[in-house]
Amino acid sequence: MTEFRRSLPQLGGEFFLTDGGIETTLVFLEGLDLPDFAAFDLLKGNEGEAALRKYFRTYAGLARRFGTGLILERATWRARAGWGGRLGYSAREMADANRRAIGLLEDIRREFKGDDRHVVISGCVGPRGDGYNPGKTMSAAEAEDYHGIQIRTFEDTAADMVTAITMNYVEEAVGLTRAAARAGMPVAISFTVETDGRLPTGQTLRAAIQQVDTATSRYPAYYMINCAHPTHFEHVLTAEEPWTQRIRGLRANASRKSHAELNESAELDIGDPVELAMQYAELERRLPQLNVMGGCCGTDHRHVEQIAAACLPLYRGTT
């Protein structure tokens, strides 16, 4: 059963950890094969499911150690029409994979239930196209229909919310938000930005957030930034500007490389976990609502551990 769909605890001020870069961790550190970076494909076998359980338990352990809330972001970034079809999944099999992914996170939540900390289950939705490049774009209406299929599957599960990861143009974010609203699901919108702090379309982050809010009557519960290094976007964040108050989550890349450079890299660039944590701490000083911390490409539990160690004292006012 869903626990927090009507009232997300991360909106009440508690500090939350979430995971790092699940796909890069599974491929480069665990040596697993993820066709099209589709982590949900691991659910078709016992070995793959065990790898996912190990992955999420690691982050649940960090939340327990630091005494924080936890957002479990399920492995469904690619689990929808188009991407699933490329891997040979029918529509019914795709829906079953989404439900199994949520069921796995329910198990993790039950394991850590006694810690008296909030554990939120999120249904992860990725872009229709490439996470770095909008490519062929959709209208908001087309995006609402397209993403509505996956989101309606979440509606009948224990998912507390939907998180849209690596959104790179506004119309898709608007349509996805409307699909979540139609399903009665809270939604967080996480935008990808380039090295100049703008969306791949060239639109500013400020304009993107304001446009989605205007088009959806401020329906998103909050916004996030992901899949970019803090040095790529820190200069566009000014604490005094009202739009930055809508940013509550951060899932940065470990690497300072551009998206084009990352696409060409044969090896994983994990950057410097301690340096990344210090950069998160600086952003925490700028963004008064920031309380959801995780990572994206190249990050793993080592980065999230350092982020928690650096940011929790500031959040709790103990420095």
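Predicted model: local features only at pLDDT ≥ 70, side-chain atom pairs only at ≥ 80, totals over all residues.
Helix 2, which spans residues 46-66, packs against helix 11, residues 301-315, with the two axes 10 Å apart and at an angle of about 20°. Because angles under 35 degrees count as roughly parallel, helix 2 and helix 11 are described as roughly parallel to each other. The crossing in which helix 2 passes helix 11 is right-handed. On the side of helix 2, the contact is formed by Thr-58, Tyr-59, Leu-62, Arg-65 and Phe-66, and on the side of helix 11 by His-301, Val-304, Glu-305, Ala-308, Ala-309 and Leu-312. Sorted by class, the residues of this contact between helix 2 and helix 11 comprise seven nonpolar, two polar and two charged.

Helix 4 passes helix 5 in a right-handed crossing, and the residues in contact are Ala-95, Asn-98 and Arg-99 from helix 4 together with Gln-150, Thr-153 and Phe-154 from helix 5. Two nonpolar, three polar and one charged residues make up this contact of helix 4 with helix 5.

The crossing of helix 5 past helix 6 is right-handed. From helix 5, the contact draws on Ala-140, Ala-143, Glu-144, Asp-145, His-147, Gly-148, Ile-151, Arg-152 and Glu-155, while helix 6 contributes Glu-171, Glu-172, Val-174, Gly-175, Leu-176, Arg-178, Ala-179, Ala-180, Arg-182 and Ala-183. The class composition of the contact of helix 5 with helix 6 is eight nonpolar, three polar and eight charged residues.

At least two lining residues are supplied by each of helix 1 (22-29), strand 4 (161-167) and helix 9 (259-264), and helix 1, with four residues, provides the largest share of the lining. By class, the lining of the largest pocket divides into 14 nonpolar, 10 polar and nine charged residues.

The count of cavities of 30 Å³ or more comes to two. For the second largest cavity, the volume is about 40 Å³, and the residues lining this cavity are Thr-18, Ile-71, Glu-73, Thr-163, Tyr-222, Met-224 and Val-292. Strand 2 (69-73) and strand 6 (222-226) each give at least two residues to the lining of the second largest cavity, in which four residues are nonpolar, two are polar and one is charged.

Note on methods. Residues numbered from 1 in each chain as written. Heavy atoms only, no water. Left-handed = near helix turned anticlockwise from the far one by under 90°. Contact = heavy atoms within 4.5 Å. Nonpolar A, V, L, I, M, F, W, Y, C, P; charged D, E, K, R; others polar. 1 Å grid on protein atoms, 1.4 Å probe; cavity = no way out; pocket = protein on both sides within 12 Å on 5 of 7 lines; lining within 4 Å. Points joined across faces, edges and corners; volume = space filled by probe spheres on them. Axes fitted to C-alpha atoms, helices over the stretch in contact; angles between N-to-C directions. Parallel < 35°, antiparallel > 145°, perpendicular 65-115°, else oblique.
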